[in-house]
Amino acid sequence: MSLLSPVEGWYYKKVSKDEKMWMVIALILCLMMFVWMIMWHVYGKQNPSSLTYKTSTAEFSKLSEAYIKNNMVGVDKGIPVVRPKPNSDVFVLAEMWRWSPVLILQKDQSYKLHISSRDVLHGFSIQPVNMNFQVYPQYDYVLTFKPTETGEYKVICNEFCGIGHHTMIGKIVVIDKEEDLKLYGYENMKKAPDPVVKKTNEPLTEQEMVLLGEQAYTLKGCAACHKIDGTKELAPAWNGLFGKSEEVRENGKIISVKVDEDYIKESIKQPQQKITVGFEKSPMPVFPVTDEDIDHIIAYIKSLSK
Amino acid sequence: MFRTCDITGFKVDLQSQKLIRYNAVFAVISLLLAVTAALLLVFTRYQPMHLLNAEWYYRLVTFHGLNALIFWIIFFEVAGLYFGSTVILNTRFCAPKWGWVAFLLMVAGLVMSNIIILMGKADVMLTSYTPLKGHPLYYLGIILFAVGALLAVVLFFGNLMIARREKTYGDSLPLVAYGLMTAAIIAVITLASGAIIYIPTFLWSLGLIENVDPAMYKLIWWGLGHSSQQINVAAMVSIWYMVSFLAVGGTSINEKVSRSAFVLYILFICLASAHHLLTDPGVSSAWKVWNTSYAMYLAVLASMIHAFAVPSSFESAQRRWGYNKGLFQWLSKAPWGNPAFSAIILAVIGFGFIGGTTGVIFGMEQTNIIVHNTIAIPGHFKGTVVIGTTLTFMGITYYLIPLIFRRKIVGFKWAQWQPWLFFIGIALLSISMIVLGQLGVPRRHWDSTFSGGPFTYNFNPAVDFFWVLMMIGGVIAFIATLIWILIVVFSVSFGAKVNGPNDMQLTISPLAPEAKKHKGFEAPGTLVLTFIFLLVFLALFFLNWKWLAATWNVN
């Protein structure tokens, strides 16, 4: 009679025995699950943290850059590698489209990971252990991880973040003994590219400029899109780029330009001015770099064409 | 202007009938757009085919989400709300002109948003989390659609008021209308959330507002995104009761219980936004536990009450018709040749066993860690909104064609098979997506080989099997949907006219006879079925928690 008004006395009709029984069981199940979640905070070992700091994208980028500068022990595929001390604060930056840095962690030790984004939302997904967290810009999420198994883990991005979303993959290595580093080729990490001693009043040599440029390339995240091995999925590769003629689109028209100092400077400061043909779908954002940084980067790009 | 239905005896307002028809037609168009995109998406994610390029993949994910979750569902629900507030209550449509305004707003929204998406101006996913930015007209399209839908809901309440004032029904609303009223109340809450978040986002996309806080955006957006799914739940459960009445002449064995369960939905289900913030910064654990559990799971309790009340309404009626032998004769002697009936039973099973179980388990604060943003999440809602809501809507359409469009169903044999085919397709699709997600495969991801990335990752080799299964399921579901759409289009345009009650392909049952006084259980078969459900749920529950306990420690 669900299409008709209920029969008279429906409100006072007794609930049948079986329905009553089911409702009691269902209610108990509901309360049990509620209590279960609370008890897991007491006895369980996996609880999403409540600790968040409000930050800004500029502030967090600066924090992460400084952290990496002071702690990096090497580079893996253009991404800095850091081996943090147990119980220390670790800064992980998500950006289109990379995770930085690569981490070397010790099994059964805790690390306070501060995770935030420089641009849009990202998803921090550690595989194959399959733990997933959300990453925001403007919020610094603090998660204390304690890896319980050794091995190589990948951090994939599982929140849509633009056309290069599928290329965003980072790495965490969990070791037990020092020898384990060999498994990942991390045993002789060169301390570079941070060998440059601050000199005062003396111009830098070309060699030092290149090293600083390489450092900027790694720290600022250029490596996320610009490769130095000739592959060019999202952006032009940097090796062999300097001095080359490139087809670019300016105000809708295609023109040819020579890649020189001025062109590189303009491309970094106003990336939307001239867009290289073939890369219209992955526009470059404006990065917070100084004129000095740009000079170093130009020196580095030049060195890649020699 | 009324006609009196020679089959059901209801008075049908012709204006209302026209509005129901047009809204239903646009629902079907939206569904066609959605499933066409869905097939291309499945063929892309299946890596050996990898059909679309990255750009079109993300574009069509956005397109599919909007057409399936918003346009198809809401157009159909508006048709359902008009049906429930006029035909069932024997009353007139309060303001047909405004009904057309609502309809035109919704169509304008649909056209505008879809065009902008296909032009490539809004590759932002259905969720469009800020600071990802789409074209202003994309947001405007959704706002227009939402305003139209809200207007339709207001008209629904107007119809109820007229019916009440003119006393066109007895003392209390029929259960179906009561359930639809629940859906309408939830719709107001939901659409208000939508307005609160889409209007500032629209202004931000125009450059008039500096910043839309990403965490606030996500919290309020899901007040629309998830709570709107509860409109579907309420509408779907109402239709389940309606089909129980039409197919076997049954109703809830205790209407007070069913109605109380609907009230629980209104009170607690709007907390569901928290399901999407469980592994997010910005909100505390106490907030997460309270909200994600709908205040101690009282909305889940409501669904579990319906899980008993709906099948028992069939069982009780069937037993009164004399199918009283053993535990399950009521089921074996049920009208399986009636496609609306089989669709509803399959929807109940799919919704409970696939969508419901995973919904509760994935929505717990800690277990969410192992599924958040993986493909298990769309797997879960394929188990709720597709195998539950969509299949239910498909099923009830088999009644709407003769009753509202006054046409016979063309290809009735196909119609009898269609719900089974659709069920099998979506079940395969949904279950394989859930397993893939548990193995870490992300959702909304173009290339699971990570080509172009600095590193690569190989998923557990078991994924290969489930990718194939998912593709097969997707293809079957697509074919089943296409069959349904063709049946609807052909019946409505070329079907023979229905001549009275004896000309119906789907029977309408008279009321089941009064129950004889008896002791013991009212619906023992249903009780056994719900216990089986309970065991399956507990097994999945402990499996997931065991899985979680094996991961790294985090706090």
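**Stop 1: a loop in chain B**

Select Met125(B): it counts as partly exposed, because 18 C-beta neighbours sit inside 10 Å. Keep in mind that you are looking at a predicted model. Met125(B) belongs to the loop between helix 3 and helix 4 of chain B, and it has a positive phi of about 70° although it is not a glycine.

Now pick Ser128(B), in the loop between helix 3 and helix 4 of chain B. Its phi is positive too, near 40°. Is Ser128(B) buried or exposed? Buried: 23 other C-beta atoms lie within 10 Å.

Stay in the loop between helix 3 (96–118) and helix 4 (136–165) and click Pro131(B). A cis peptide bond links Thr130(B) to Pro131(B), with omega about 5°. Most peptide bonds are trans, and most residues other than glycine have a negative phi.

**Stop 2: the core**

Next, select Phe75(B), Val243(B) and Ala340(B), which touch the most other members of the largest nonpolar core, a set of 276 residues. Helix 2 (residues 54–87) of chain B gives the most to this core, with 22 residues. Around Phe75(B), look for contacts including Asn23(B), Phe26(B) and Met106(B).

**Stop 3: over to chain A**

Colour domain 1 (52–183) and domain 2 (206–303) of chain A. Their C-alpha centres lie 26 Å apart, and 18 residues of domain 1 are in contact with 12 residues of domain 2. On the domain 1 side, helix 2 of chain A gives the most, with five residues.

A cis peptide bond joins Met96(A) and Trp97(A), with omega about -5°.

Technical notes:
Residues are numbered from 1 along each chain as its sequence is written. Chains are lettered from A and ligands numbered from 1 in the order in which they are written. This is a predicted model: local features need pLDDT of at least 70, side-chain atom pairs count only at pLDDT 80 or more; totals for chains, interfaces and linings use all residues. A nonpolar core is a set of buried Ala, Val, Leu, Ile, Met, Phe, Trp, Tyr and Cys residues joined through C-beta atoms within 7 Å. A residue is buried if 20 or more other C-beta atoms lie within 10 Å of its own, exposed if 12 or fewer, and partly exposed in between; C-beta atoms are placed from the backbone. Helices (H or I, at least four residues) and strands (E, at least two) are DSSP runs, numbered from the N terminus. Two residues are in contact if their C-beta atoms, placed from the backbone, lie within 7 Å. Domain bounds come from an automatic or database domain assignment. Lists of a residue's contacts leave out its neighbours within four places in sequence.
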